[in-house]
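Please look over the sequence and the structure shown here before reading on.

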Amino acid sequence: MLRIRQRPSLSTSLTLIRHKYVGRDREGGISFKYKEGIRKTRNDRGKLYSTVNESPSYNNDRKQSSKRFDSDKKESKSHDNSELKHSFLKVHTELDLLKKHSEHTKVQPKTLVSDNTFDAMKKIISDTANDPVRGGKTKQFFDPENKTLNLGLSNKILFKQIFGGTKDRMDKRYGDSSKAWLQKFHDITESLPNDNPSMPKYKYFKQKIQSFMVNATISPEVGYNSISIGDIVMLQDDNVNFYMLVKCPNSLYSQAYVFIDNRGEIIHASKASIRIRFPSIIPKEYHELIESLIQLETKYLDIAPIGTTDEKFSRSNNSLPESLKDKQDDFESKEELVEGEGFGNSSQDDFLVAQASSQLLTNTNVNTFHVPLAARDFYSKALTDLSIQSFNEMSEVNAKLELLHRKLQYDENGDLINIPRSISIFEILYYMEDANFLKIKDSTTRGNETSLSLLGKQLKQDIEYDTQKYPIARFLALILAIRKQARLWSIDKSKASFTPLSVTILPITNAILVDKIVNYLKFEKGNIDFAKYYESKILGESIPKPKYYDDVIKVFKDYIVGNFTSDPTLETALVSIIRLIDDSSQATSTDKAKEIGFTYEYSRARAYMILKEIGELSEDLEDPIGWSRQLNLPGSGTSLMSDLVGRYYNYVENILTKEDIDEISATSESSSPADIKSLDSFGEETTSDEAGKLIFDDVYKSDPLETLREDFGDVPVYCIDSADAHEIDDGISLHTEGDKYVVSVHVANPTSYLKPNSITSTIAFGRTSTTYTPEKAYMMLPKLMSDISGLGVDGKKVRAFTVQYRLNKKLVDDYIGLKLDDPNNETDDSLIKRALNEINQSIDVKFVSVKNFPQNFTYDAVDSLLNEQEKIQRFKANASDDLHFNNLFRLHGIASLLYDARVLGGATSLNSDMGNIKVFKNFDDLNISKSGSQLIADGSNKTIQLSSTTNNRSSKSIFLVTQHMIFANYSAASFANKNDIGFIYRGQELNLAPAVREELNQLIGKGKKFNVPLSEEDNSTIIAITTGAKFVTKPVKHESLGIDYYSNVTSPLRRYVDMINHWKIGEYLLNKSNPTSQPVIANNELRFIANYLQNGEIMNKQHQRISDKFWEGILLKEISRSKENGDHSFKFRLLIQTSPKLGDSINVKTLGLGHLKAKLSVSDRLLEEYNSGELKVGSVLESDDIKIVKVDFVEDELVFEYN
């Protein structure tokens, strides 16, 4: 982050010159500085001086002048710039007053803080040269920094010079810039709507913009809107200082967003600097006006600028003073100015750069920017009012939040919570409203409402909080209150929206536990007891465990995984243990964790290693995401309810079979739903009959879509997946009907077995999706559901959800023929548009049964088949009789056509060289391809396997599947939109500036033209400007995919949103044949479901990244250890992302790995190779001399050195 503060108009650095107390401005000129009520200030050396004589006559004169000034202000006739004149009049009036006062009153010097300082000043006076003006032997003052004033002149002359110079600089710096901005303001607002033309334009639009800001709201619907001009953001945690986004990057290769606060402070920063964002505050039609608030400063000869540079220290001839524009080369700054490629790095995510000296920027062509006074006045009050409003609401919100926590200790089933659970922030805000706060039923009555206890999350909501809009000031007050009550709540962070949209309610027992542990560690010397126990364990001695040992271990795990982040008291108590351990000589001698450093001495990763060293992990290496309260994984010990879910799934997966389900389905439906839904007594001793009754109501007795389902016959369906896939939920087929190719994507149909409000369904909804880690997959649905409804078993007739479209055979064959003749052939746009039109006209969704699944068509096998040149030549000669090759080759050709259609729509194609990490308990478990690297973790029986992800364009099989799945999701969304079906879509709006869009199109076109994948540098560039997609209930374009509609329907075994959409399309088709059928899921519930699934998806992805970082960190430690032992088979490849001229380290991407944020320390060798041109931003550095100096898999940091 380039943090730049707008400079004040008058200096606060004071010095004593000829018994006058005057201030020095930034180019050495002199100006008076005084302020009522404050008579002392510090100079740069920290010494105190008096500013003006506090004589009664002076104060009386000031009062009279103030009255005249206020009177003059009232008589001002100008509306557009009256407040600007007000500021100038005030400065000039006070200067006139001081001038008048100095002519009649001798200003006596105040005593300096130090007599020694005064003596030193007298010595300077006595040592200076003769005064040439007075002509005698009188000595003059000598000021080595003063270049413009002759201090030997009389007071009167000297004051006139000071006054005139100050007024001139004030007018040029502030008056001229405000006048220029007001002219631009008038030009911009000419085209804006104005419903009150009688009001002065400045006043009207000022009120308009400030009204948008002061009345700004946030809702779930806008929470994931793309970042845009006019957003209001917070750039620091735990304060109420609002900033407004006024400029987005104007180049694809820039990451610089520009923010301003109420004081005109300008900050250049990447979007990663945003802590909280309130999107879409200022409507789009006013964005040009908002952008104009920051202006390029006009420089004047020998007057230092007050503005600030941008993040690149850019230059332009327009920034020179007018008289120097033809002499640019002669007036460059004598000091070298830093130039670079933008953001580097700092101790956190941002690049901090020191403010350039204004003296160095005088008379240079370095661009400086500022917020003119008139522009600042335009928006400043609104931001200030928002801050004040947030601060004022904090007390009330904090009190209500405490009460609300007590009321929410009972869940929707009436059960007392003993587990953490997620809740929308908007639900909390709903209850915060005065009129609604008491709507929550008292906890003493909730428990008696029902005896039912349902696992998971129900699909219905009692209140429609997600349709409401809430003031952003209250939202911020709530976030700060939640952080303050860190032992009662935990914020679920969201990088996708930059705004937390859900929180985890912690059980009251959590606060009791933390209070107990903090008291024990701080006041009962528990930290010393624990450190001693650690020491004894390391030395092999046997002593009793200290008091509250198990609880301390639990709190340590919470600390490591980030279950609490705003509890400095608890963190300090735990860090005291780590400090005591590491200060112990016995511990240090056996501390393997310090072979490679951590982010800081008392890192959470160090805490993890301490638990490992004393044997407090369930395995030699335990993935810490299992301790997360947000994921609440079964078997992790985070809650009894999650363990109950685990036992239920375990029974369903390991005891029941498809035959059992068929037998249950054939049973009479005489059982009471209330009896079979109750899980209060479910446990390890539950009998088979009892458990069978529990899932009786989960499944349909027969196929609810039986009347609609078609037999797909013997058409081969290719299920192309990896050899170790956990579930097979999709397949692709191709057959002909007349002159058409019929492309069908078949998807597993678990919703034809599973009821929406069943136990299994609510558990799946609570999980939202399958969570994948390198070590295991935490399934959304029991494996039994995959066994029953999954595809891929040849001869097994299964139900499928099928998306179909038709393409003209000649069109497809001609396209494939062109590609065979010249793979780099650039397809005519008209052909692509014809194909897309045929698809749109023929889209259909149906439910079928399929049974013909050719075997062994994995990704590797299909790649091998499609690359067989002999088969390709036979196909080209129309002589191929291999049915499977012919089908797959045509499907690959159609996939290429689909890809071209998306590129025509503006799609971006990313190919990441991200490492694929898998973990196995021992080497015998490595039953897949042995390509890549395998390392056994030190002191563990776990093997970590690293392989590179295959490039989608180079792997024909992955490319084939990817393109067909994208268009199946597009086709289902198009079908739903065309038929007005309640549906959950997935959309993405990039909101790019026209120049950025043009550069992006050129970059994409480059890859298409030469038929080559984008480079890692290009991939990184595109990722930097990409925003996350979001679930919505109305169709919107998915810009990254280049299609008008998108949804999720192709993975219902691992994504709950796909199940919702299957149910809704089935409901629509049933209603067509039987209009009296009841809806499976009400349309008015879809927004709530979409928001919940969105939050769940973000949470799952974040924890998957945590797991990837953990195992990558462990792997890197093993690689570093092997290198130290002489094994150099693994070579690091680092993509250079920033310039080494910008700091002591640069951002890099570790190719082939890439999960941890990586930096490379700047060394002499790196600088030498960079300056010589051997390396540049975008280069890949590959060398055996690259070494790891720091890896922290919890704090997310990896540091290399290159010497």
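## Basis and overall content

Helices are DSSP runs of H or I with at least four residues, strands are DSSP runs of E with at least two, and both are numbered from the N terminus. This is a predicted model, in which local features need pLDDT of at least 70 and side-chain atom pairs count only at pLDDT 80 or more, while totals for chains, interfaces and linings use all residues. Residues are numbered from 1 along each chain as its sequence is written, and side-chain values use heavy atoms, with hydrogens and water left out.

The protein has 34 helices and 36 strands. Of its 1203 residues, 55% are buried, meaning under 20% relative accessible area, with exposed over 50% and partly exposed in between (1.4 Å probe, protein chains only). A contact means heavy atoms within 4.5 Å. Among the contacts with a separation of 6 or more, 74% come from residues 24 or more positions apart.

## A covered helix

Helix H22 (residues 759-767) is mostly covered, with eight of its nine residues buried. These are Ile 759, Thr 760, Ser 761, Thr 762, Ile 763, Ala 764, Phe 765 and Arg 767. Thr 768 follows H22 and has a positive phi, near 70°.

Two strands pair if DSSP finds at least two bridges between them. Strand S9 (residues 243-247) is largely enclosed by the rest of the structure, because four of its five residues are buried. S9 pairs in the antiparallel sense with strand S8 (residues 232-234) over two bridges, and with strand S10 (residues 257-260), also antiparallel, over three bridges. Met 244 stands opposite Ile 232 and opposite Ile 260 in S10.

Strands of a sheet pair through backbone hydrogen bonds, either parallel or antiparallel. Six strands form an open sheet of mixed pairing, in the order S34-S31-S32-S33-S36-S35. Strand S34 (1180-1182) and strand S35 (1186-1192) are at the edges with a single partner strand each, so one side of each has no neighbour in the sheet. From one strand to the next, the twist averages 35°; angles run from 0 to 180 degrees between N-to-C directions, and axes are lines fitted to C-alpha atoms, for helices over the stretch in contact.

Strand S31 (residues 1133-1136) runs antiparallel to strand S32 (residues 1145-1150), joined by three bridges, and Leu 1135 stands opposite Lys 1149 in S32. S32 and S33 are antiparallel over four bridges, with Ser 1145 partnered by Ser 1161 in S33. S33 and S36 run parallel and are joined by three bridges; Ala 1158 has Leu 1198 in S36 as its bridge partner.

Helix H34 (residues 1164-1171) lies across S32, strand S33 (1158-1161), S34 and S36, and runs at about 75° to S36.

On a 1 Å grid over the protein atoms alone, a cavity is a set of points where a 1.4 Å probe fits but cannot get out, and lining residues have an atom within 4 Å of a point. Grid points are joined across faces, edges and corners, and a volume is the space filled by probe spheres set on the points. There are 13 cavities of 30 Å³ or more.

The largest cavity has a volume of about 100 Å³. Its lining includes Ile 227, Cys 248, Tyr 257, Asn 991 and Thr 1027. The lining of the largest cavity divides into nine nonpolar, three polar and no charged residues, where Ala, Val, Leu, Ile, Met, Phe, Trp, Tyr, Cys and Pro count as nonpolar, Asp, Glu, Lys and Arg as charged, and the others, Gly among them, as polar.

Note on methods: 1 Å grid on protein atoms, 1.4 Å probe; cavity = no way out; pocket = protein on both sides within 12 Å on 5 of 7 lines; lining within 4 Å.
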